[in-house]
Amino acid sequence: ISFGAGTSLEGHIQAVQGGVCLDLSEMNAVLEVNPEDLDCRVQAGITRKSLNDHLRDTGLTFPVDPGADASLGGMAACGASGTTAVKYGTMRE
């Protein structure tokens, strides 16, 4: 079971029937930014606020906002959406 920012409300990081919980919170780097392609590569533990801080000077933004400063790995895993979903879509779009 992966653990990122710990913003989940479901409590699914508890391996109650045995297993391993892997903390990805320190995998928080931006690996590559490609403004001309409108994309970037990041590690699973980076939070959306940290990513947007990094992207600020490139003209890019990560618009998905679930309300918490969640990790992108967690947001991708649960198909996060939020207040900006109508305009920008959700993680799976």
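**Exercise 1.** Which residues does Thr-47 touch, not counting those up to four places away in sequence?

Solution. Before starting, note that this is a predicted model, where local features need pLDDT of at least 70, side-chain atom pairs count only at pLDDT 80 or more, and totals for chains, interfaces and linings use all residues. Residues are numbered from 1 along each chain as its sequence is written, and side-chain values use heavy atoms, with hydrogens and water left out.

- Step 1: look for contacts, meaning heavy atoms within 4.5 Å. Thr-47 touches Ala-5, Asp-69, Ala-70, Ser-71 and Leu-72.

**Exercise 2.** Work out whether Ser-71 is buried or exposed.

Solution. 

- Step 1: recall the cut-offs: buried is under 20% relative accessible area, exposed is over 50%, and partly exposed is in between (1.4 Å probe, protein chains only).
- Step 2: Ser-71 has a relative accessible area of 5%, so it's buried.
- Step 3: Leaving aside neighbours within four places in sequence, its contacts include Gly-4, Ala-44 and Thr-47.

**Exercise 3.** Now do likewise for Leu-38: buried or exposed?

Solution. 

- Step 1: Leu-38 sits in the loop between β3 (30-34) and β4 (39-42).
- Step 2: its relative accessibility is 66%, so Leu-38 counts as exposed.
- Step 3: check the backbone too: phi of Leu-38 is near 60 degrees, a positive value in a residue other than glycine.

Note on methods
Helices (H or I, at least four residues) and strands (E, at least two) are DSSP runs, numbered from the N terminus.
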